[in-house]
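Subject: Structure handover

Hello,

Here is the structure for your files. My notes on what was found in it follow below.

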Amino acid sequence: MQSVGIYEAKTRFSALIELVEQGEEVRITRHGKEVVRMLPVRRRPVISDEQIARELGQMDALHASIRPAAEAADILRRKGRPAAA
């Protein structure tokens with residue numbers, strides 16, 4: 001992380017941008033107080049479309065496996081209850 005004043009940032013702007021592109025964080029200050037934080041933009045998504053599709057498929061499979069068990073438990077509960085008068 002690099003911290004520079006506004007005047008220095010103005011005179012070295014291109015060099016600071018290059019640092020940020022390389023992954024460095026740059027903070028710009030005014031009278032010693034941070035006013036700007038430059039961070040690199042993430043160029044790759046955190047999770048790919050393929051990963052999302054795979055995870056959704058796994059969730060669907062899990063729901064399908066849970067649903068029959070829940071239905072069976074509901075049937076057993078209804079069998080154990082006396083008929084309503």
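Thr-29 is buried, at 16% relative accessible area (buried is under 20%, exposed over 50%, partly exposed in between, with a 1.4 Å probe and protein chains only). Thr-29 belongs to strand S2, residues 26-30 (strands are DSSP runs of E, at least two residues; helices are runs of H or I, at least four; both are numbered from the N terminus). Leaving aside residues up to four places away in sequence, Thr-29 touches Ser-3, Val-4, Gly-5, Ile-6, Glu-34 and Val-35, a contact being heavy atoms within 4.5 Å.

The model is predicted: local features need pLDDT of at least 70, side-chain atom pairs count only at pLDDT 80 or more, and totals for chains, interfaces and linings use all residues. Residues are numbered from 1 along each chain as its sequence is written, and side-chain values use heavy atoms, without hydrogens and water.

S2 runs antiparallel to strand S3 (residues 33-38), with five bridges between them; strands pair if DSSP finds at least two bridges. Ile-28 is opposite Val-36 in S3. Two residues separate the strands of this hairpin, where His-31 has a positive phi near 55°.

The largest nonpolar core has seven residues: Val-4, Ala-9, Leu-16, Val-20, Val-26, Ile-28 and Met-38. Helix H2 (13-21) and S2 each give at least two residues to this core. Such a core is a set of buried Ala, Val, Leu, Ile, Met, Phe, Trp, Tyr and Cys residues joined through side-chain atoms within 4.5 Å.

Leu-56, in helix H3 (residues 49-80), is partly exposed, with a relative accessible area of 47%.

Regards
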